[in-house]
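Here is my note on your model, point by point. Please keep the structure open while you read.

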Amino acid sequence: MTKVTMTVNGKAVSGDVEGRTLLSAFLREDQGLTGTHVGCDTSQCGACVVHVNGKAVKSCTMFASEANGASVDTVEGQTNADGSLNVIQQAFQDHHGLQCGFCTPGMVMSAAALLKENPTPSEAEVREYLEGNICRCTGYHNIVKAIMAASGQDVSAIAAE
């Protein structure tokens with residue numbers, strides 16, 4: 001067993017993990033942060049995206065021990081200080097960017113990383129950035145629209161599909 005210590009959503013946490021423990025498992029099972037979804041364990045779906053030291057990472061492909069000493073942010077840490085939805089989460093709700101919700105945490109975390117890198121992405125840039133995230137329900141159109149709306153762009157002319 002290896003002791004890991006990290007900051008998760010601004011809170012210092014630690015735990016003993018086996019060397020093969022994935023960051024996604026540590027977050028879900030040891031920390032109770034079940035918003036980090038695991039859909040494939042092969043880095044294909046993107047439902048497990050978290051931020052490690054400010055970078056979007058698929059947590060099912062990273063060992064918990066690799067995050068030792070790191071700052072990790074999950075979807076649970078995305079809300080505003082008062083617990084209300086942040087601008088990205090609110091845009092997903094307002095623009096129907098989710099259906100079953102399974103991919104939503106990964107999409108929100110990927111959107112946050114994209115908007116940090118590119119505050120006003122084009123539709124093509126959003127679609128390209130989301131290539132590592134799979135949604136089986138929405139067809140992506142409203143997810144793209146929500147991300148563009150979260151960036152402050154006028155999306156009223158974009159028709160719903």
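1. Start with R20 and E18. They form a salt bridge, and their closest N and O atoms are 2.8 Å apart. A salt bridge here means a side-chain nitrogen of Lys or Arg within 4 Å of a carboxyl oxygen of Asp or Glu. R20 is exposed, at 64% relative accessible area. E18 is partly exposed, at 37%. These words have cut-offs: buried is under 20% relative accessible area, exposed is over 50%, and partly exposed is in between (1.4 Å probe, protein chains only).

2. A word on the source. This is a predicted model, in which local features need pLDDT of at least 70 and side-chain atom pairs count only at pLDDT 80 or more, while totals for chains, interfaces and linings use all residues. Residues are numbered from 1 along each chain as its sequence is written, and side-chain values use heavy atoms, with hydrogens and water left out.

3. How many salt bridges does the structure hold? It holds two. Besides R20 with E18, the side chains of E123 and R127 meet at 3.2 Å, N to O. Both residues lie in helix α4 (residues 123-129), four residues apart, about one turn of the helix. An α-helix has 3.6 residues a turn, so residues three or four places apart point the same way. E123 is partly exposed at 32%, and R127 is partly exposed at 33%. Helices (H or I, at least four residues) and strands (E, at least two) are DSSP runs, numbered from the N terminus.

4. Now look at helix α1, residues 23-30. Which of its residues are buried? They are L23, S24, A25, F26 and L27. Their cover includes the strands β1 (2-8), β2 (11-17), β3 (49-52) and β5 (71-73). Just after α1, G32 takes a positive phi of about 70°.

5. Two other residues have a positive phi without being glycine. S43 has a phi of about 70°. S43 sits in the loop between α1 and β3, and S43 is partly exposed at 27%. Y140 has a phi of about 75°. Y140 belongs to the loop between α4 and α5 (141-150). Its relative accessibility is 23%, which counts as partly exposed.

6. Check the cysteines next. The disulfide count comes to zero. The rule asks for a pair of cysteine sulfur atoms within 2.5 Å. C135 is buried, at 10% relative accessible area. C137 is partly exposed, at 35%.

7. These cysteines turn up again in the largest pocket. C100, C103, C135 and C137 are among its lining residues. By class, the lining has nine nonpolar, two polar and one charged residues. Ala, Val, Leu, Ile, Met, Phe, Trp, Tyr, Cys and Pro count as nonpolar, Asp, Glu, Lys and Arg as charged, and the others, Gly among them, as polar. The volume of the largest pocket is about 170 Å³. On a 1 Å grid over the protein atoms alone, a pocket is an open set of points where a 1.4 Å probe fits, with protein on both sides within 12 Å along at least five of seven lines; lining residues have an atom within 4 Å of a point. Grid points are joined across faces, edges and corners, and the volume is the space filled by probe spheres set on the points.

8. Finish with Q78. Is Q78 buried or exposed? Q78 is buried, at 16% relative accessible area. Q78 is found in the loop between β5 and α2 (87-94). Leaving aside neighbours within four places in sequence, Q78 is in contact (heavy atoms within 4.5 Å) with D73, N86, Q89, V108, M109 and A112. Q78 and T21 are 57 residues apart along the chain, and their C-alpha atoms are separated by 24 Å.
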